[in-house]
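Here are my notes for you to read alongside the model. Keep the view open and look for each residue as we come to it.

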Amino acid sequence: MARFAVVKRITARSLLVALAIVAPLAILKIADVGPATRLAAWTCSLLGMLGLFIAAGLTIRGRVWGVLVDDRNRYSLSRLQMTLWTMLVLATLYVVFVSNLLQEGGWRGALKVDLDLNLVLLMGFSVASFTLAPVALSRKTAQPVAQGE
């Protein structure tokens, strides 16, 4: 019975990977590359990655949103920000890369992806809050409590 559960889990992950990677490629390959096609491919990629994050949360913490739970067993805003930015940017970059690859016909044209500096800065803030939040929490718990409090 345990072997069946492992096979079932591997099959579910394979379907999610296919939804995140193969489905957008198939959508862009079959239809003409346009705004509606890119949106459909991006949506498939985003849903596949969301499913993979949910599967990771179930594996790690036994919860659907387990990826967002920190070491104190609480939901973390910095983890939520990091997860959302990662999913949005990876799905966008993947769809832009694949659509450029199919339109240009070569790797050189596919790698021409213009990233807005504001997006990079917003991701930097998210990474900074993700890395600095545990430091701030550890300093807060290390401080001794005053007797009058």
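1. Let's start with serine 78, which is buried because its relative accessible area is 10%. Here buried means under 20% relative accessible area, exposed means over 50%, and partly exposed lies in between (1.4 Å probe, protein chains only). Serine 78 belongs to helix H3. Leaving aside residues up to four places away in sequence, serine 78 touches Ser129, Phe130 and Ala133, where contact means heavy atoms within 4.5 Å.

2. A word on the source: this is a predicted model, in which local features need pLDDT of at least 70 and side-chain atom pairs count only at pLDDT 80 or more, while totals for chains, interfaces and linings use all residues. Residues are numbered from 1 along each chain as its sequence is written, and side-chain values use heavy atoms, with hydrogens and water left out.

3. Which side chain does serine 78 join through a polar contact of 2.9 Å? The partner is serine 76. A polar contact is a pair of N or O atoms within 3.5 Å; within protein, one must be able to donate a hydrogen and the other to accept it, and residues adjacent in sequence count only if both atoms are side-chain atoms. Serine 76 sits in the loop between H2 and H3, and it counts as buried because its relative accessibility is 13%. Serine 76 also touches Leu68 and Asp70, again not counting residues up to four places away in sequence.

4. Now the overall plan. The chain has five helices and zero strands, so to speak in DSSP terms: helices are runs of H or I of at least four residues, strands are runs of E of at least two, and both are numbered from the N terminus. Of the 149 residues in the chain, 22% are buried. Among contacts between residues at least 6 apart in sequence, 54% join residues at least 24 apart.

5. Helix H3 covers residues 77–104, and its end C-alpha atoms are 40 Å apart, which agrees with the 40 Å that its 28 residues should span at 1.5 Å a residue. The expected span is 1.5 Å times one less than the number of residues. Buried residues in H3 include Thr83, Met87, Val95 and Asn100. After H3 comes glycine 105, with a positive phi near 85°.

6. Compare helix H2, residues 35–60: its 26 residues reach 37 Å from first C-alpha to last, close to the 38 Å expected. Among its buried residues are Ala41, Cys44, Ser45 and Gly48. Just after H2, glycine 62 takes a positive phi of about 80°.

7. Isoleucine 21 lies in helix H1, residues 2–30, and counts as partly exposed because its relative accessibility is 42%. How many residues separate isoleucine 21 and valine 95 in sequence? They are 74 residues apart, yet 9.1 Å apart in space, C-alpha to C-alpha.

8. Leu115, Leu117, Val120, Leu121, Leu122 and Phe125 make a nonpolar patch of about 590 Å². Accessible areas come from the Shrake-Rupley method with a 1.4 Å probe; for residues, only the protein chains shown count as cover.

Conventions:
Patch = residues over 30% accessible without salt bridge, like charges linked within 9 Å, V, L, I, M, F, W, Y side chains within 5 Å. Salt bridge = Lys/Arg side-chain N within 4 Å of Asp/Glu carboxyl O.
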